[in-house]
Amino acid sequence: MSKTTTMTVRVSGALNDFVAANTGDDGAYENVSEYIRDLIRRDKERVEAEAFDRLRAELTHAFAAPEESYQPLTADDVIARNRS
C-alpha cells in the first residue's frame, strides 16, 4: 500500500494566478491537488523518457562500434559510468 503525504506549497503572484486559471470551474483541473499530481506525473514520465533515450543512444552506439573495440564491463562499471 502506498503512503500518502500531505505537502504545503506556497505560490504567489503570477504563479498563483496561473494555478487559479487552470483549476476550478474555468480550468482544466477540478482542484489544485489534481493539478499538482498531474504535473508530478508528467515530470516523472519526462525523467523516465530521458533515461530511456539515454539508454537507447548508448545501445545504438555500442551496437554500431566495431567488435574489437568492446571492453568487458561489470554491472557496477556501467552503473558508475551512468551516474557521472
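Tyrosine 29 has a relative accessible area of 13% and is buried. The exercises below concern a predicted model.

**Exercise 1.** Determine whether tyrosine 35 is buried or exposed, and classify the aromatic pair that tyrosine 29 and tyrosine 35 form.

*Solution.* Step 1: the relative accessibility of tyrosine 35 is 7%. Buried means under 20%, so tyrosine 35 counts as buried. Step 2: a pair of aromatic rings is described by the distance of the centres and the angle of the planes. For tyrosine 29 and tyrosine 35 these are 4.7 Å centre to centre and 35° between the planes. Step 3: planes under 30 degrees apart count as stacked, over 60 as edge-to-face and the rest as tilted; the pair is therefore tilted. The structure holds one aromatic pair.

**Exercise 2.** Describe the largest pocket and state which element gives the most to its lining.

*Solution.* Step 1: the volume of the largest pocket is about 390 Å³. Step 2: 13 residues line this pocket, and Glu58, Ala62, Tyr70, Leu73 and Arg81 are the closest to its centre. Step 3: two or more lining residues come from each of α2 (32–64) and α3 (75–83). With five residues, α2 gives the most. Step 4: by class, the lining has seven nonpolar, four polar and two charged residues.

**Exercise 3.** Characterise the lining of the second largest pocket by residue class.

*Solution.* Step 1: the second largest pocket holds about 340 Å³ of space. Step 2: its lining includes Thr5, Met7, Val32, Ile36 and Arg37. Step 3: the lining residues divide into five nonpolar, three polar and one charged.

Methods:
Residues numbered from 1 in each chain as written. Predicted model: local features only at pLDDT ≥ 70, side-chain atom pairs only at ≥ 80, totals over all residues. Heavy atoms only, no water. 1 Å grid on protein atoms, 1.4 Å probe; cavity = no way out; pocket = protein on both sides within 12 Å on 5 of 7 lines; lining within 4 Å. Points joined across faces, edges and corners; volume = space filled by probe spheres on them. Helix = DSSP H or I, 4+ residues; strand = E, 2+ residues; numbered from the N terminus. Nonpolar A, V, L, I, M, F, W, Y, C, P; charged D, E, K, R; others polar. Phe/Tyr/Trp six-rings, centres within 6.5 Å; stacked < 30°, edge-to-face > 60°. Buried < 20%, exposed > 50% of the residue type's maximum accessible area, 1.4 Å probe, protein only.
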